[in-house]
Amino acid sequence: MVGGGRIPAIESMIATARIRDYVLNPEETYLIREVMETGEADGMRTFDQYLLMLYRAGKITYQTALRAATSQHDFKLLERKTTEYDAAITQSYYGSGDAG
């Protein structure tokens, strides 16, 4: 945690119909993570997504998030992907910012 101490980083999964189906079918349990990665509207978040949120909120450093990540490589990709997405949304909403 920035400034010392500890802060929890959690993964949350909601028992939606898709999650239930994947849990009950052992051949499809590998799909649970994908549902969690795209299930923010349902209140789901992976551990790495939560770490990224804590980093962006200034609660932990980038290095702390990277060390704790499930996969450092995947965390870097997630951070890059969401940064590029945020920039694209800002660009489309606000324009280029050029005054001419």
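Guide: Burial comes first: buried means under 20% relative accessible area, exposed over 50%, and partly exposed in between, with a 1.4 Å probe and protein chains only. The model is predicted, so local features need pLDDT of at least 70 and side-chain atom pairs pLDDT 80 or more, while totals for chains, interfaces and linings use all residues. Residues are numbered from 1 along each chain as its sequence is written, and side-chain values use heavy atoms, leaving out hydrogens and water.

Visitor: Is Y55 buried, exposed or partly exposed?

Guide: Y55 has a relative accessible area of 28%, so it is partly exposed. Y62, at 23%, is also partly exposed, whereas F75, at 0%, is buried.

Visitor: How many aromatic pairs are there?

Guide: Rings of Phe, Tyr and Trp (its six-membered ring) pair if their centres lie within 6.5 Å; planes under 30 degrees apart are stacked, over 60 edge-to-face, and the rest tilted. The count here is two aromatic pairs. In Y55 and Y62 the ring centres are 5.3 Å apart and the planes meet at 65°, so this pair is edge-to-face. Y62 and F75 make a tilted pair, with 5.9 Å between centres and 50° between planes.

Visitor: Which helices hold Y62 and F75?

Guide: Helices are DSSP runs (H or I, at least four residues), numbered from the N terminus. Y62 lies in α4 (residues 62-68) and F75 in α5, so their pair ties together parts 13 residues apart in sequence.

Visitor: Which residues of α3 are buried?

Guide: D48, Q49, Y50, L51, L52 and L54 are buried in α3. After α3 comes G58, with a positive phi near 80°.

Visitor: What lies around the side chain of Q49?

Guide: A polar contact is a pair of N or O atoms within 3.5 Å; within protein, one must be able to donate a hydrogen and the other to accept it, and residues adjacent in sequence count only if both atoms are side-chain atoms. Polar atoms of the Q49 side chain lie 2.9 Å from the backbone oxygen of E37 and 2.8 Å from the backbone nitrogen of T46. With contact taken as heavy atoms within 4.5 Å, Q49 touches M36, E37 and L78, not counting residues up to four places away in sequence.

Technical notes
Helices (H or I, at least four residues) and strands (E, at least two) are DSSP runs, numbered from the N terminus.
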